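Okay, thanks for making time, everyone.

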Amino acid sequence: MMRLLTNWLLTAAAGSLACALIAPAPLLARGESTARPWADRALSPQARANALLAAMTQDEKLAIVHGLFPPNMKPRPSDVPLSAGYFPPNERLGIPALRETDASLGIAAAHAPFRDATALPSGLAQAASFDPAIAEAGGAMIGREARQSGFNILLAGGVNLTREPRNGRNFEYMGEDPLLAGTMAGHAIKGIQSQNIASTIKHFALNAQETGRMVLDARLDAVALRQSDLLAFEKAIEIGAPASVMCSYNKINGTYACENPAMLGILKGDWGYAGWVMSDWGAVHSTVGAANAGLDQESGEQLDREVFFGAPLTEAVARGAVSQTRLDDMVRRILYGLFATGVMDHPVSPGPIDLVGDGQVALRAAEAGIVLLKNDRDLLPLSASARRIAVIGSHANRGVLSGGGSSQVIPQGSFRFDPPKDAPSWGAGMIFHPSSPRAAMRALAPAARIAFAEGDDVASAVASARAADVAVVFVHQWTSEAMDAPLALSDGQDALVAAVAAANPRTIVVLENGGPVLMPWLDRVGAVVEAWYPGSRGGEAIANVLFGRVDPSGRLPMTFPASLDQVPNPALPGADVRRPEGDTPDNALPGFAVSYPEGVDVGYRWYARKGLKPLFPFGYGLSYSRYRYGNASADPRTMSVRFTVTNTGRRQGAETAQVYATPPGAAPRLVGWAKLRLAPGESRSATATIDPRLLASFDEGEKRWKIGAGTYRISVVRWQGGMGANLSLVLPASTWAADASHPITGRR
Ligand code: BGC
């Protein structure tokens, strides 16, 4: 073994690229003793982190707490790829270079040209699958591609709740419900880390809009926060155990997230989180304040006003303003995350990517997330014998749209259009992934004549629709990081749909969008298919749903408002803040406060509380089959709900039965679901086990969860507010500490 290590050191000295990518990992057998005790895999990750920490010099410790943004490295060594983050290796101790890339939806290429990579459908599409296995398989796929692309830390796990439907980054996240978002993000992270790759969860917390994201002050009371946005993080961290938590740009209740003792205290104290907190890029504003509040690592240091965790931290530790114990804790947490995920033991080495196999993962995810919003008189599925189909708009003859910003995946063959003028200057533009819906439809209906008309020429689109048996209009809404989007389709697409629907009543609309849009034409079209940004194999997924190869089993992970005045902040906060003249960086713009009238009642809970009827409710989505719900019962001892669903239709289908609980005097909340694949006539029973926190309120003073005695209304339904089975759950009072399990069920 010593020989192996020595060999490694020799190669490292030669400084070859291969060596830089193949980390200097201590490859030891279980229990073997060594001069590098941290290499012993029989020890716990914590013990290994302690042993390695003990061997580090002060300079080595100070080096690992701040890292580089490669696009701004001058010169940039040839073995450092153009990605979001880089930390040089510590060759003396065998700590690999930390190579970070954005990866919520695949290995991103926002800073680099096209690459071999597979794009999953958007986070919202994944959440719409209501299937943790889909999220986990997607994560594992990204983890594999990370390894094959030479990255060992993935900036993934976006779980910010949809408080603002216009948030330009909603597509990266998992929707508005803490249970759904936390569960899906947790499984995505678990999948990534199953490949011995470290993942983040982000952006901690309340980064609910992009307008003014670096300067806004998100104001929400501690209890509401704990029971909503933080609960999503807590849940995802429990499931996924991410190596790192990325703190967000914004302030929370007056203090920047990355130097916020209250927030980071909840994370590390109440939740006992043992990994490290890394900053978002350009989100650090101080040295002593941030370090003492709990920030462990400054990311992309060139993007901050100064390298706060460079020389100023060295100096702050020397004069005792930041204690040595705290610096050691920062480093130990980083090392713990690297050991716990296997990054230290399983060096990444670039190699070929299985684009075909990985494409299957993306295809399954896209299919599972497509939501059928309307289907009058069973216009869908299309029959394979359809003769004349008019496909219209959104470059559906070439590909499918994707969302912009740091998460941008650009597989080979993608194509680009200029984004709107207010798009971030650093983005890659409007990227379409090379998966043509029209080509996929042709493959499924070879006998049909499938014409294509671009949507910008309404007259020829109308002519094409008129000459066809059925018209399929593709419409799109491009959204991106660093900007928010109106709740509407742009560029006259509403008028296009209306004109096509007037020409052909058998009009189907397919949406490729980052978040909800208003649909002024809804009553005039026959069917609406919500395809989100469907990823690398999106065209095929859409075709498979249109032709009924796949039952549309996605359900909305967020409420679609019927009008702007239904949303809690009808005027987008900060939209009226004037940019100063000149070239002001985003983190020096004038700040403003954002309040959240919905408080704890994010999304559908706000609609329920206000008695508002949305365009489509949370959880909504049709199937090509029909279902009956029955035999529902609730067990107060185990806090679980059992029910049966029967497929009463004539087709194989997948139904997502959703369980909502309404505590006395409060709004309903999702407490469980079961996605059941059912043959015609088949019945299956399922049990949803309720996480007690979903029924509780949090007492900030006592730091305890409390469930009040009373009758909790339970409904097992097709979507929020929909039809199904209703029953009651009578619960005794119970209370438990923030870091403990529930006294009756024994669950957290
Ligand atoms: C984004 C993060 C991202 C980071 C690195 C930031 O602008 O908010 O989500 O991980 O850049 O690219």
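Predicted model: local features only at pLDDT ≥ 70, side-chain atom pairs only at ≥ 80, totals over all residues.

I ran the same check on α9, residues 229-240. Its 12 residues should span 16 Å, and the ends come out 17 Å apart, C-alpha to C-alpha, which agrees. How many residues of α9 are buried? That would be 10 of its 12, so to speak a mostly covered helix. The buried set includes Asp229, Glu234 and Lys235, and among the others are Leu230, Leu231, Phe233 and Ile237.

Now the ligand. Which residues come nearest to it? There are 13 residues around the ligand, and the nearest are Asp102, Arg169, His203, Asp280 and Glu481. For three of these I have distances from a ligand oxygen atom to a side-chain N or O atom. With aspartate 102 the distance is 2.4 Å. With arginine 169 it is 2.7 Å, and with glutamate 481 it is 2.8 Å.

On to pockets. The largest pocket has a volume of about 1300 Å³. Its lining is made up of 50 residues, and those nearest the centre are Arg213, Met214, Trp426, Ala482 and Asp586. If you sort that lining by type, you get 24 nonpolar, 12 polar and 14 charged residues.

The second largest pocket holds about 540 Å³ of space. Here 25 residues form the lining, with Met430, His476, Ser490, Asp491 and Gln493 closest to the centre. Which elements each supply at least two residues of that lining? They are β14 (430-433), β16 (470-477) and α17 (493-503). By type, the second largest pocket is lined by 12 nonpolar, 9 polar and 4 charged residues.

You'll find aspartate 296 in the loop between α11 (288-293) and α12 (311-318). Is aspartate 296 buried or exposed? Its relative accessible area is 0%, so aspartate 296 is buried. What does its side chain contact? The side chain of lysine 268, through a polar contact of 2.9 Å.

Now for the backbone. As background, most residues other than glycine have a negative phi, and most peptide bonds are trans. Where does this model have cis bonds? One goes from phenylalanine 204 to alanine 205, with omega near 0°. Alanine 205 belongs to the loop between β4 (198-204) and β5 (216-219). Another cis peptide bond joins leucine 380 to proline 381, and there omega is about -5°. Proline 381 is in the loop between β10 (371-375) and β11 (388-392).

For positive phi I've picked two residues. Serine 394 isn't a glycine, yet its phi is near 55°. Serine 394 sits in the loop between β11 and β12 (400-401). At 5% relative accessibility, serine 394 counts as buried, because the cut-off for that is under 20%. Then there's methionine 639, with phi near 50°, in the loop between β20 (627-635) and β21 (640-647). Its relative accessible area is 3%, so methionine 639 is buried as well.

Last one. Isoleucine 252 is in strand β7, residues 251-252. With a relative accessible area of 2%, isoleucine 252 is buried. How far is isoleucine 252 from alanine 593 in sequence, and how far in space? The two are 341 residues apart in sequence, but 9.5 Å apart C-alpha to C-alpha.

Key:
Residues numbered from 1 in each chain as written. Heavy atoms only, no water. 1 Å grid on protein atoms, 1.4 Å probe; cavity = no way out; pocket = protein on both sides within 12 Å on 5 of 7 lines; lining within 4 Å. Points joined across faces, edges and corners; volume = space filled by probe spheres on them. Nonpolar A, V, L, I, M, F, W, Y, C, P; charged D, E, K, R; others polar. Helix = DSSP H or I, 4+ residues; strand = E, 2+ residues; numbered from the N terminus. Near = heavy atom within 4 Å. Polar contact = N/O pair within 3.5 Å; in protein donor to acceptor, adjacent residues only side chain to side chain. Buried < 20%, exposed > 50% of the residue type's maximum accessible area, 1.4 Å probe, protein only. Expected span 1.5 Å × (residues − 1).
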